[in-house]
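Please view the sequence and the structure first, then follow the points below.

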Amino acid sequence: MATTVAGEGKPRLNGISTDSQTKTLTDLPTELLEHILCFPVLQDVDICNVSCCCKRLHDVCHGRGKVWGNQYKLRWPRLQRFYRPNESCDWLREYRTRHKVGIQIRRTVESISKRFFTEVPCVGQVLGDSFAEIESLGMPEHFCEDELLFILNSDKRKNLTLKYYAKKILYFLRQQNILKSLKSFLEQPAEHQSPLEGAVLVDRYCNPLADVTLSSISAQLDEIAEKVKKMLKIKNPSHPSLRVTQGDCLVVEDFELQRQVMCSLNSVLYEQLQYKGNECDYYNPLNSYIHQVLLRRTGIPISLSVMYMTLAQKLGVRLEPVNFPNHFLLRWCQKPRGSEDIFDFVYIDAFGKGKQLTAKECEYLIGHQVTADYYSAISTGELLLRMVGNLLNIGKRGEGNEKSYQLLRDSLDLYLTINPDNVQYLLLQARLYFHLGIWPEKVLDILQHIQALDPSQHGAVGYLVQHTLEHIQHKKHPAAPEVKLRNAPEHLEVQYSVGLIMKHKRSGYNCVIYGWDPKCTMNQEWITTMRVNLLPNGPNQPFYNVLVQDGTCRYAAQENLEPHSAPMEIGHPEVGRYFSEFADTHYATNEELQTRYPEDADVTLGTVQRLYHRLMPDSGNQDQQNSHHPNPSQ
């Protein structure tokens, strides 16, 4: 740090200063010192060392100064949106707090795999009570989220187990914040509850890791509304809707002017932009998420209705949601002062390209008559219950995999937030958690709530309470993990090892092995259903647990598997639960899986060395030559 600067205006001899007076680095102006110390190559340790040199440099590096503010911005750029421009802040304190949070979060995430590996079902559900540790840190939530994002955005092929649990924690934390927003939304007066805002909250809760915001969705709808205005301007240049700007609450009273809006809206939405009802893949949950409806330009009646109704409102036409059975509709009043007569409305089928129907024609959609009550307008809360109910039914129809269980959990959470005393769905939630073997303490809380609401459920409640208490007791005395040694006599026929990337000979799918059995351990019904007896070696051969590229978990016979000729990453959500790294030709097991298969890592390395890393002929000859000319030092 003791570089010197020659005095100015003094004679020089052969380029060497003859002045004995020199200036040190600390004599430079504060602004210049700050500029030097803000160079990106300097890290926090460097700044700490500099500040310890002398009082002058210590003062330059004070906590509220430019130097530590720069360090904070360089290290955690995503956090800048939480600070106002030129905000006076103790950056050194903020830096220390954020650094402490990072260490605590990482330590907690690392410990989860060791404690919960055997308890988490194969579907990889959220870990429930372990998240209390994250919340108990008492640190700003955006610090916690930033560290989790930092983990997730690190080297794609490494720290897979750390990322696996960091993703689940981030999922949970964001969902908790969204639930708080939903509860606040539902506390508003009914007339202030926007169907679009409610639909976005449902979307965000089911997709907490996606970048979905009300402002971004509204901006996309504003763009569509502008296209409608251009169409409207061609038909009627003086239309009042053309003067509507964002935030205005214009209501067009004249029915002919309203009709022009509806006609232009249908033309833009269904002809120009090609929006349509998704008849081919009706039960895809993406149809219910408003950001996916805008992205894919397709949806189901209720999601398309929310979008249609919002666009009409932006253009001055008021439509109301109608909870029509099996086919959600909108209604458009044809009387100037409103009416409750069902024949005074035109009913709009947003799923059917905005087709306008009479009350009688609505019945043709479902094939039977309904009472007048079904034509009534509903509240935003009732609309959200219908939307979430659709997702619940899709989850029930699922195949029992990770995605369907997660959808069922998310939709139950949403439904019970909107309608917390629904005994039927409370009981379904308790049974789901019990079936998945997660969060037994919460199961007991749910069951206690059910008993208070409906004592007649004591039979089902009592059964679940008994078995949940047994599960909690079992958690206190966990069984030792089963260890499978390859040199055991019963394991000698096992050819493959965990971590190898395989291809199924018959089905053609790509997968990675995460477990094996010397013989098929499934019951006879499964063996018969899967036609295992038709295989040459039947069930009396090694079977492997594999994670498949399509996101499923399967149990495959040894004779149906072969090492993949060109190993690739397997895009399965559970990979991180079992493996710590993708090493180009195979997956490296994490500590928990290696404990159960302690000898497989060496076998896997030997296999990939033999299959993919064979020595080139030249290198082999060179090795032979070297063997005839030993090192003189040996």
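Helix α14 (residues 359-366) lies across β8, β9 and β10, and runs at about 115° to β10. The model is a predicted one.

**The four-stranded sheet**

- An open sheet is formed by four strands in the order β7-β8-β9-β10, with antiparallel pairing.
- Its edge strands are β7 (320-322) and β10, each of which pairs on one side only.
- From one strand to the next, the twist averages 40°.
- Strands of a sheet pair through backbone hydrogen bonds, in either a parallel or an antiparallel manner.
- Strand β8 (residues 329-333) is joined to β9 by four bridges, and the two run antiparallel; L330 stands opposite I348 in β9.
- On β10 (residues 355-357), the antiparallel pairing with β9 extends over three bridges.
- Within that pairing, I348 stands opposite Q356 in β10, and Y347 stands opposite L357 in β10.

- Strand β9 (residues 345-349) is largely enclosed by the rest of the structure, because five of its five residues are buried.
- In a regular strand, side chains alternate between the two faces of the sheet.
- In β9, F345, Y347 and D349 point one way, while V346 and I348 point the other way, and all are buried.
- β9 and β10 form a hairpin with five residues between them.
- K353, which lies in the loop between β9 and β10, has a positive phi of about 60° although it is not a glycine.
- Most residues other than glycine have a negative phi.
- K353 counts as exposed, because its relative accessibility is 53% and the cut-off for exposed is over 50%.

**Nonpolar cores**

- In soluble globular proteins, nonpolar side chains tend to be buried together.
- The largest nonpolar core has 116 residues, of which I224, L269, Y275, M307, Y308 and L319 touch the most other members.
- Helix α8 (residues 160-187) supplies the largest share of this core, 12 residues.
- Another core, of 28 residues, lies apart from it and has A556, L561, I570 and F582 among its members.
- Leaving aside residues up to four places away in sequence, Y308 touches M262, L265, N266, L269, Y270, L319, L330, I348, A350 and G354.

**The five-stranded sheet**

- Five strands form an open sheet in the order β14-β13-β12-β11-β15, and the pairing is antiparallel.
- The edge strands here are β14 (553-557) and β15 (561-563), each pairing on one side only.
- Neighbouring strands of this sheet are turned by 50° against each other on average, direction ignored.
- Strand β13 (residues 543-548) runs antiparallel to β14 and is joined to it by five bridges; L547 stands opposite C553 in β14.

**Packing of helices α9 and α16**

- Two packed helices are described by the angle between their axes and the distance between the axes.
- Helix α9 (residues 195-206) packs with helix α16 (residues 402-418) at an angle of about 145°, and their axes are 10 Å apart.
- This crossing of α9 and α16 is right-handed.
- V202, Y205 and C206 of α9 make the contact with D410, D413 and L414 of α16.
- The residues of this contact comprise four nonpolar, no polar and two charged.

**Further loop residues**

- N422 is found in the loop between α16 and α17 (423-436).
- N422 has a relative accessible area of 15% and is therefore buried, since the cut-off for buried is under 20%.
- Residues up to four places away in sequence not counted, N422 touches Y415 and L416.
- The C-alpha atoms of N422 and I450 are separated by 8.8 Å, and the two residues are 28 residues apart along the chain.
- R531 is found in the loop between α20 (524-529) and β13, and its phi is near 55°, a positive value in a residue other than glycine.
- With a relative accessible area of 60%, R531 is exposed.

Conventions:
Residues are numbered from 1 along each chain as its sequence is written. This is a predicted model: local features need pLDDT of at least 70, side-chain atom pairs count only at pLDDT 80 or more; totals for chains, interfaces and linings use all residues. Side-chain values use heavy atoms; hydrogens and water are left out. Axes are lines fitted to C-alpha atoms, for helices over the stretch in contact, and angles run from 0 to 180 degrees between N-to-C directions. A crossing is left-handed if the near helix is turned anticlockwise from the far one by less than a right angle, and right-handed if clockwise. Contact means heavy atoms within 4.5 Å. Ala, Val, Leu, Ile, Met, Phe, Trp, Tyr, Cys and Pro count as nonpolar, Asp, Glu, Lys and Arg as charged, and the others, Gly among them, as polar. Buried means under 20% relative accessible area, exposed over 50%, partly exposed in between (1.4 Å probe, protein chains only). Two strands pair if DSSP finds at least two bridges between them. A nonpolar core is a set of buried Ala, Val, Leu, Ile, Met, Phe, Trp, Tyr and Cys residues joined through side-chain atoms within 4.5 Å.
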